[in-house]
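Welcome! Please take a look at the structure below, and then we will walk through how its parts meet.

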Amino acid sequence: MAEFVQLLFNGLVAGSIFGMAALGISLVYSVLHLVNFAAGDFLTLGAFTTFYLATSQHLPFVLAVILSMVIGVIVSLILEFILWRRLRRSGAGMLALFLVASGIAFILRQSIALTFGSDSRRFDLDQLTTYEFLGAQIARAQLIVLLCASIAITGIALFIKKSNIGKDMRAYADNASLAAVSGINVDRVIIATWTISGAYGALAGVFQGTVQGQFTNGMGLDLLLAILAAVVLGTIGDAYGALIGGFVLGVVMDLSTWDALAGGIPSTYKPVVGFAVLVIVLLFKPEGIFGVRARKI
Amino acid sequence: MNKKRGAIVASAALAITALFTSSLPASAAAVDIRIGTVQPMTGAGFAAYGTGLANAAAFGVTSVTTAMTAAGVAGSCKMIAQEDSVSDAPSVATEAATKLVKSDKVNFIVGSLTSGASLAIGAVTAASTGTLAIASAASSPALTTFKDNDTLFRTYPSDLLQAQALVKAISTAYSPTAWVTVGAINNSFGTGLANAFKKAWLAQGGHIGGTVLWNGGAASYDSEAAALVKTKRDAFVFIDYPDSFAKLAPALTRTKKWKASTTFMTEAFNDDSAVKTVGASFMNGIRGTSAKTNGTSAAAWSTAFKAAYPKNPGTFVDGSGFDAAVLACLAGISAGATTAKALAKGLRNVGGINGGTAYAWNELTAAVKDVAAGKPITYNGVWGYTKFDKAGDPAGGAFEVWSIKDGVIIHDDKLDVKF
């Protein structure tokens, strides 16, 4: 029981981070039909800027996190105005956008290395305090990450469902042409999309850096495949699906090492299990878990 | 008539020259040796090691060049380029090695730090026609069996020897029949040394409580930590790098079932930068083994190196990079040619496997004279003798046991092991 609780908790923490990062990718795809391969590096950007502001500039950690989210948004919007908007207007296809996004990822990663150096970093946070729950050791830092991620996830879900701009985003994702002729401010929708993507990417990076205890400028790249798997698992273009996909992936990967499941698999094969689940789901539901609601945010 | 007389004089001169030179050892033709390095000069956990090895190699080339001038030996040995393998990713190392072989046309690549990157470089040199690689800190047994067309050498001892050193250290600390749980990073270095250790430990009557591998870029290490602490054990052996262990150590601590004082590690942690990366609070009490210098005048070399490169970060393995570059230059002089086959023969000719006078790092002028005269020598470098075997491995090595107390690495010479 203790092992199950431990693995389930670890999986939920990992899944919440996958889900938050996947949300941005899925939103951007649903609105702009762009698979943002640079999303992983926004996680790295968030972690490094938070470290810089909190450790080097001695700002309170929460303020540093908020400023990092703002920086993530600013970088996303700069890229929208100088790059993505022009590419859309020039009629760039999916392959061109994919290649540009990959290039942006590389530039962003190297810029982070040039700006902050390539040494590993660690937030000055307590990572060792634990609480015992049903025999499992629940780390306070992980618990805080899980709670904050849950609040952020619930908040964004409500925002998309209830707010006017959220409704506009859903309408635009459903039918871009119809939304445009019916008076929806398309530019406002796109800016909101990049804002959410940049802010949540940066926040996910801070959470990942907190949970890992240490991070390098390759952190986002290391997570990118799992994040993309969460996007596809939850149906690409479905924001709620991305969140659920992240949780499913995180929990399945960690529980696969459980002794009770035929001895559990070696932990080095956790990513293999994650992708095997993805393949199995896609075999039966080719559009992902939320296939019926595809492209409706 | 004049032409006929000229021909007779020339023939006589050639005959006298041939008669005279046949009584001397065959001297090597002058060649220009081009050297490049591939080392991780940036990137978490490895930059201090890689920068030190690259600087030491450059210092080695300069030292041989000075010796060649003093000895009046023709030819040259030049450092052409120093490539950064950024955290020693094998793919980056491949790219860097390809550039050195194809564009810079180097005869030797000194590098890299890790086994994975060194194997990647070996794959590039194996396909080349005139480039050899000398890995300066790669320790995986996989290098021994790698099909490299006799182009991949190393100055650092194989982990087959380090496994024996670990066995001795743990036997001394616990007992020869103790239960040991082995954890390792899932790459050629980690699995190679883990398997070598387990084989050696079981062979001497010890018990293995379990083996857990982990991926370097995993999203979290909590399930790995849980798997490690549920095993039966008296001690742990962890084979890892600082940047990944920095993520595993908090996860292990959170289980409340791990004690650093029961843990043995390897040379990647025998450096202040590693303690800083992981955090002294996690490292205090950890012990480990590490290859160490076995050569002559190592302290004097460190002083000379520090004077030449005052900003060098300085790690325990710097001398291995120096030796690799010196051996490369001497091998080129010995070979008198730049084919891979001739250079490999030259390496063995100066490494000591064929005997010859022993020369230390500060006796390079005399060493260069002998080598240029076609004699085999035994270069007894900063790191020690190499005596390259058929696989390009050094014939022996020396190991020390280190421990960490209050964030400081303590070396105990009394526990040294020599093979």
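## Where the chains meet

The contact (heavy atoms within 4.5 Å) draws on 28 residues of chain A and 29 residues of chain B. Together the two chains bury about 2,300 Å², with 48% of it on carbon and sulfur atoms; buried area is the accessible area (1.4 Å probe) that two parts lose on being put together, summed over both. On the chain A side, Leu128(A), Gln212(A) and Thr268(A) lose the most area to chain B, together 23% of what that side buries.

This is a predicted model, where local features need pLDDT of at least 70 and side-chain atom pairs count only at pLDDT 80 or more, while totals for chains, interfaces and linings use all residues. Residues are numbered from 1 along each chain as its sequence is written, chains are lettered from A in the order in which they are written, and side-chain values use heavy atoms, leaving out hydrogens and water.

## Charges across the interface

Three salt bridges (a side-chain nitrogen of Lys or Arg within 4 Å of a carboxyl oxygen of Asp or Glu) are found across the interface of chain A and chain B. One of them pairs Lys230(B) with Asp259(A), whose closest N and O atoms are 2.9 Å apart.

## A look at Ser63(B)

Ser63(B) counts as buried because its relative accessibility is 16%, and buried means under 20% relative accessible area (1.4 Å probe, protein chains only). Leaving aside residues up to four places away in sequence, Ser63(B) touches Phe322(B) and Leu364(B).

Terms used:
Buried < 20%, exposed > 50% of the residue type's maximum accessible area, 1.4 Å probe, protein only.
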